[in-house]
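Please open the structure in your viewer and keep the selection tool at hand. The tour below goes from stop to stop, saying what to select and what is there.

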Amino acid sequence: MKKTIAILLVAVLAVSSVFAGFSGKATVGLGYNWETKDYGFSNGTGFDVDVDLSTAEAGNDVEGDIYAGIKATMGVKVANQAGTKGTEVWNSKDKADKNYGLGLFLKVAEAYVAGENWKVSITGTQGATSYAKSFTTHKEAVEDVFGNETTDTKDVADDVTGDLFAFNKAPGVTVEVAGFKGSVGFNGSEDENRKVKVDTATEKVEAELDADKKFVAGKFFNYNVFVESPSFDVNGLSLQAAVGASRKVDSYGVFGKETKKIKYFNVEEEYIVYTPKFYDLAINTSAKVGYATDTLSVAVAADYDAVKYLKDDNTIYSFFDTSAKVAFAPVTIDAYYGLNGIVAKGLEAAPSKLKTLAHTLSAQVATDLAAFDLPVKVTVWGKDILNTMDYGAKAEVTIDAIKLGVKGGYVIDPILAKKIADENFGKYYLGADVEYTNDLFTAKAGVGFNSYVAKGLEKAAQLTLSASVESSAIIPGATLKLAYGAAKNDQNLLKDQIALQPAQNLGKVDATCTIKF
């Protein structure tokens, strides 16, 4: 069967001649690893696969005063796969290496009935809006095309309401008229003996399950109503708002019980986590206002969401966030605040030092002096000021072929250790990097220093160093590189540091020749 699939794939490739998105490399290296004490030559190959074996678009538009239209896409794709989502295919060189996937992607882009200045979409209702977002404050994993988390990361912003708030997109329609967008949808059942199956549930529900993991849920009614205005713009002033409400109780309105692995103090353990899945009422409100001239721009946004989860509990959980951004050359100021209502409610009886965990407060000031013919950028920030207390600053200078960056700051890690033990588990950090580029080669170097601050951690420090020289001009078609830096684990050039920090680890040095296609 596997051989037949492989032959079919080759045939499709041969017929369609679709090789775009397929690249790879072969590398030979010579180096020494102080962490493992290994040395010598190494050989390796690698592939980046993102090939559309077949793509198709279909649609239908009918002309008239009132007309209908639909557009859909289909794609068959082979790509690198980082997890179990997607159909696994094997690398022909090593059948145990399941690092590629085959997927069929089908999507109805839109289906609608429309007329002059109006449109009714029949593909469903709208989800919750979230206008307020912070500047980029942290990193998250990048997903592959199948939805698996990869080892690559991306910069993301804090968005309490957007990340946490649930809004039921009940079956229905979305209407657009003169720039306004609204949706309405509902579904339900009048069957008092209706049974539903539950995969994860609270102990309360488990006591009522039958042999098939079902219980009598009875009647239910779900709905979605939503309206969003267009952006009104008058003399540089803009305003937009949205409001919506929804209900999702067809599965009894419980907290789902899940087992998750949580890493705390570098020890990974399993914990029972209750995740809100269903709710009696969810309300979503958003608004944003802006003002812009040739020299000044101001943008303020806010979201307020409220959720009532359990049918026999009148508790209302509130989520709120607001953001503000002011730019007047050469300065840009960002500020953000968010409230997690579930965490706040759970910490009502907790000590005051723990209650800040429900709040997110961040601010940043950035200056770009390019307008004054100075190649300097300076950024100062305070991220999650009430908890991780990440205070820092960085400066970037570009002079011809040289780029220089310097940064420093203070951050608490881990935050729960400080809250519970009432000790300062923070660290000061400093770093600098430089890059020089010319027609023949690119040279980079970086140094970092962390000094940990806590009772008994007087000798907790970490020093890191990296350097590389890379050229693709010496041998056409090949990249030569000499690099020194961290190996698998954290690098630390200092000796005799305490157990909380990596022991002395000098990293590794490698000289490589890589040929890519």
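Is Asn224 buried or exposed, and what is its relative accessible area? Select Asn224, in strand S13 (residues 220–228), where helices (H or I, at least four residues) and strands (E, at least two) are DSSP runs, numbered from the N terminus. Asn224 has a relative accessible area of 0% and is therefore buried; buried means under 20% relative accessible area, exposed over 50%, and partly exposed in between, with a 1.4 Å probe and protein chains only.

Before going further, note that this is a predicted model, in which local features need pLDDT of at least 70 and side-chain atom pairs count only at pLDDT 80 or more, while totals for chains, interfaces and linings use all residues. Residues are numbered from 1 along each chain as its sequence is written, and side-chain values use heavy atoms, with hydrogens and water left out.

**Around Asn224**

Leaving aside neighbours within four places in sequence, the residues in contact with Asn224 (heavy atoms within 4.5 Å) include Thr125, Phe167, Lys169, Val184 and Ala245.

Next, select Ala178, in the loop between strand S9 (172–177) and S10. Phi of Ala178 is near 50 degrees, a positive value in a residue other than glycine, and Ala178 counts as partly exposed because its relative accessibility is 45%. Then go to Asp400, in the loop between strand S24 (390–399) and strand S25 (402–412), where phi is again positive, near 55 degrees. At 78% relative accessibility, Asp400 counts as exposed.

Pro330, in the loop between strand S20 (317–328) and strand S21 (331–340), is joined to Ala329 by a cis peptide bond with omega about 5 degrees.

**Aromatic rings**

The count of aromatic pairs comes to 10, where rings of Phe, Tyr and Trp (its six-membered ring) pair if their centres lie within 6.5 Å, and planes under 30 degrees apart count as stacked, over 60 as edge-to-face and the rest as tilted. Select Tyr410 and Tyr428, a tilted pair with 5.0 Å centre to centre and 50 degrees between the planes. This pair links distant parts of the chain, with Tyr410 in strand S25 and Tyr428 in strand S26 (residues 426–437), 18 residues apart. Tyr410 counts as buried at 13% relative accessibility, whereas Tyr428 counts as partly exposed at 47%.
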